[in-house]
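Biologist: I'm new to this one. Can you put it up and walk me through a few spots?

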Amino acid sequence: MAAWTVPSHWRTRPAQPRGQAMQHIRDEISIEAPVERVWAFYCDPANWTDFYPRAEFSDFSGQVDEVGTTYVQTMRLMGFEMKQDMEIVEVEPQRLIHEHSDTGPMDNYFRFEPDGDTTRCVFESDFEMPGRLPGFIKDLMSKGWVERNTRNTLADFKAMAEAKAPAHA
C-alpha cells in the first residue's frame with residue numbers, strides 16, 4: 001500500500017464532526033493457553049459477558065471472525081444506556097479482529113500473538129466519547145477510567161480463557 005493510501009473501509013466511512021480529540025489506549029496480557037484456544041474462546045460471543053460483565057451483546061448478523069458481521073453493544077453507566085452498532089471490518093484468523101463503530105467513533109483492535117504455549121493478547125482502541133452522553137458521564141469516563149476498565153477486562157479475559165481453554169489438553 002502506498003504511503004498516501006488508506007484501507008478501503010476507511011475511505012467509505014462518513015466524515016466525523018470536529019469535536020473532542022480521539023483518545024488512544026493500548027494494553028496487553030499474556031494468556032497461559034495456545035493461540036488456537038484463545039482465539040476460539042474469544043470468537044464465541046457467549047463468553048463475552050464472562051469477561052465484560054458491564055455490557056450486553058446482541059443481534060449478531062454472523063460469526064465474530066467474519067468481516068461484515070455486525071452486532072449491538074449496550075452499556076449502562078449511572079442509569080444512562082449507551083448502544084453502539086459494531087461492525088467487524090478486518091480479520092486475520094488467529095491473529096486480529098478489528099471492529100468499528102460510527103458511535104463515538106471507535107475502532108478496536110484485538111491482536112492474538114502466539115508465544116510458545118502462551119498467547120499474547122493486545123488490545124488497542126481509538127475512540128471519542130459519543131456527543132450525546134451527558135457531561136458528567138463523559139467526565140467519569142476519562143481516559144484513565146477507560147484504561148483501568150480495559151485492564152480489568154483483560155485480566156478477566158485471561159482468567160476465563162485459561163479456565164475454559166487449558167494450555168495442555
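Modeller: Asp59 is exposed, at 59% relative accessible area (exposed is over 50%, buried under 20%, partly exposed in between, with a 1.4 Å probe and protein chains only). This is a predicted model, where local features need pLDDT of at least 70, side-chain atom pairs count only at pLDDT 80 or more, and totals for chains, interfaces and linings use all residues. Residues are numbered from 1 along each chain as its sequence is written, and side-chain values use heavy atoms, without hydrogens and water.

Biologist: Where is Asp59 found?

Modeller: In the loop between β2 (55-58) and β3 (70-77); strands here are DSSP runs of E with at least two residues, helices runs of H or I with at least four, numbered from the N terminus. Asp59 is not a glycine, yet has a positive phi of about 55°. Most residues other than glycine have a negative phi.

Biologist: And what about the phi of Gln94?

Modeller: Also positive, about 60°, and Gln94 is not a glycine. Gln94 sits in the loop between β4 (80-92) and β5 (96-101) and is partly exposed at 31%.

Biologist: How many aromatic pairs?

Modeller: The search finds 16 (Phe, Tyr or six-membered Trp rings, centres within 6.5 Å; stacked under 30 degrees, edge-to-face over 60, the rest tilted). One of them is Phe41 with Phe157, tilted, at 5.6 Å centre to centre and 45° between the planes. That pair links helix α2 (residues 35-42) to helix α5 (residues 143-164), with Phe41 and Phe157 116 residues apart.

Biologist: Is Phe41 buried or exposed?

Modeller: Buried, at 5%; Phe157 is buried too, at 3%.
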